[in-house]
Amino acid sequence: MLFEQPCAIVDLETTGGHITRDRITEIGILLIDGERIERYETLVNPGQPIPPFIENMTGISDAMVAEAPPFAELAATLLDKLQGRLLLAHNARFDYGFLKNEFKRAGLVFQSEVLCTVKLSRRLYPQHFKHSLDSLIERHGIVLADRHRAMADALAVYHFLEAATAELGPEAVLGAATDLLAPTALPPGLDPELLDSLPDVPGVYLLLGDDEQPLYVGRATNLRRQVLAHFHADKAHGKPVHIAEPIRRVEWCETLGEFGASLLELQWLRVYRPRHNRRGGVGDELCSIQLGEGADGFVRPRIVLAHELDFSRTADLYGLFRHPREARKMLQDMARAQGLCQAVLGVEQVTSRKGAPCGGYQAGLCRGACIGREPAMQHNTRLMSALARVRVKNWPFPGAVAVVEWDEVTGERVEHVFDRWCYLGTRHAASEELSGRPSFDLDSYKLFSAYIKKATPASELRLLDEGELVFAGVIG
């Protein structure tokens with residue numbers, strides 16, 4: 001064999017892709033000692049149903065594993081076979097993560113050096129775009145009897161190593177493997193178990209510094225990749241926010257989808273107020289612009305605050321701003337761009353005497369509405385046209401709606417409930433209670449309005465009956 005040390009090529013079939021929630025259904029191992037190869041394979045009773053999606057892919061059914069031993073009965077034998085070996089697997093984090101968790105449930109500690117053959121293929125064959133096991137099988141002409149069965153897939157990895165060694169030479173393969181086996185460095189003080197614990201799923205994470213100080217909240221489509229990117233400078237790990245302070249601990253929460261992660265991120269930003277995030281809603285005075293007609297016939301905007309007016313039930317609002325100064329600046333910019341009168345709009349920086357021309361007129365930026373040279377109807381028309389692009393959307397549904405996210409493998413579903421742009425909460429079943437007092441929030445408005453613009457399947461958005469809105473406590 002290519003490697004001098006004892007090796008184990010491992011492949012697992014499971015009830016799904018979540019390394020803590022799902023369970024193993026089949027184990028296939030090639031135990032390699034020099035030229036000697038021992039096969040070990042067994043079905044495993046996962047103690048939970050196998051989803052139809054997985055059964056169709058692997059061919060392993062509930063009936064097939066009903067009489068198979070649970071992992072706990074196999075644990076001692078497996079640990080004896082695997083301990084002290086280099087573990088090789090295709091997408092090794094998946095197989096190694098499942099094994100570590102199953103051994104942990106059995107009260108045993110399993111730790112091994114791990115070589116991922118997905119990464120090895122990328123290193124050895126950078127000219128190829130795809131490195132899935134199916135791609136390797138096709139690229140190297142590997143013949144298998146039962147794809148998606150544990151032993152067959154373990155054999156596919158073995159034959160890939162043989163083919164790569166024959167094509168590129170043992171030195172090239174060993175050199176690439178040695179580079180990949182170099183330990184991933186984490187900052188001092190962080191638990192090394194973090195490398196194995198972080199899941200490859202969407203979610204939100206919190207980086208904490210000295211004295212549990214919240215440093216940064218982030219959203220991720222892949223928690224493991226995004227968190228580890230904070231500790232690596234190379235391009236492969238992306239360009240996360242630079243944090244100069246020591247990171248002492250990482251917390252995270254998994255979500256079923258990206259929308260749920262975005263919602264949870266907004267909540268964590270408000271709760272933790274991390275110092276390295278640019279936004280968090282702290283100090284906001286959410287406001288908008290409402291129009292009224294003066295005695296002189298001119299439409300005059302006024303700034304209204306969300307804590308004084310229920311924005312979710314108020315029509316004809318223009319713009320949403322985090323602070324009144326942002327609203328005033330927009331009106332000033334609009335006046336300059338459209339030749340509107342800042343005095344009529346109520347945002348003149350230096351207020352002119354009554355009946356005198358405003359500063360904008362003297363600078364050639366106002367058409368004279370302030371001194372009667374522009375009729376009210378003409379000024380009003382241009383103002384309404386300019387404001388039309390920032391008009392707050394009316395709630396487009398007859399009632400509350402839920403953004404539904406689900407896991408295709410497990411069938412688990414969550415509903416993120418909104419009504420009149422207010423986020424009411426998240427629940428796993430329509431009968432669950434929603435807690436809290438909903439209020440109009442700029443970030444939630446932006447998030448949901450952006451979501452409904454996308455061309456998404458109708459099944460992702462569900463209109464709720466009034467009886468489905470069950471709240472824990474009184475809301476207003």
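Trainee: How many aromatic pairs does a search of the whole structure find?

Mentor: In this predicted model, a search of the whole structure finds 19 aromatic pairs.

Trainee: Why is the pair of Phe94 and Phe98 called tilted?

Mentor: The ring centres of Phe94 and Phe98 are 4.8 Å apart, which lies within the 6.5 Å that a pair requires. Their planes stand at 50°, and since planes under 30 degrees apart count as stacked and those over 60 as edge-to-face, the pair is therefore tilted. Both residues belong to helix α4 (residues 92-105), where they are four residues apart, about one turn of the helix.

Trainee: What makes Phe98 count as buried or exposed?

Mentor: Buried means under 20% relative accessible area, and Phe98 has 1%, so Phe98 is buried.

Trainee: How do you know whether Trp268 and Tyr272 are stacked or edge-to-face?

Mentor: With 5.6 Å centre to centre and 75° between the planes, the angle is over the 60 degrees that edge-to-face requires, so Trp268 and Tyr272 form an edge-to-face pair. They are four residues apart in helix α11, separated by about one helical turn.

Trainee: Why is Trp268 called buried, and what is Tyr272 called?

Mentor: Trp268 has 13% relative accessibility, under the 20% limit, and therefore counts as buried, whereas Tyr272, at 29%, falls between 20% and 50% and is therefore partly exposed.

Trainee: What makes Arg139 lie over the face of Tyr125?

Mentor: Arg139 is at 5.1 Å from the ring centre of Tyr125, and the cut-off asks for CZ of Arg within 6 Å of the centre and within 35 degrees of the ring normal; Arg139 is accordingly listed as lying over that face.

Notes:
Residues are numbered from 1 along each chain as its sequence is written. This is a predicted model: local features need pLDDT of at least 70, side-chain atom pairs count only at pLDDT 80 or more; totals for chains, interfaces and linings use all residues. Side-chain values use heavy atoms; hydrogens and water are left out. Rings of Phe, Tyr and Trp (its six-membered ring) pair if their centres lie within 6.5 Å; planes under 30 degrees apart count as stacked, over 60 as edge-to-face and the rest as tilted. Helices (H or I, at least four residues) and strands (E, at least two) are DSSP runs, numbered from the N terminus. Buried means under 20% relative accessible area, exposed over 50%, partly exposed in between (1.4 Å probe, protein chains only).
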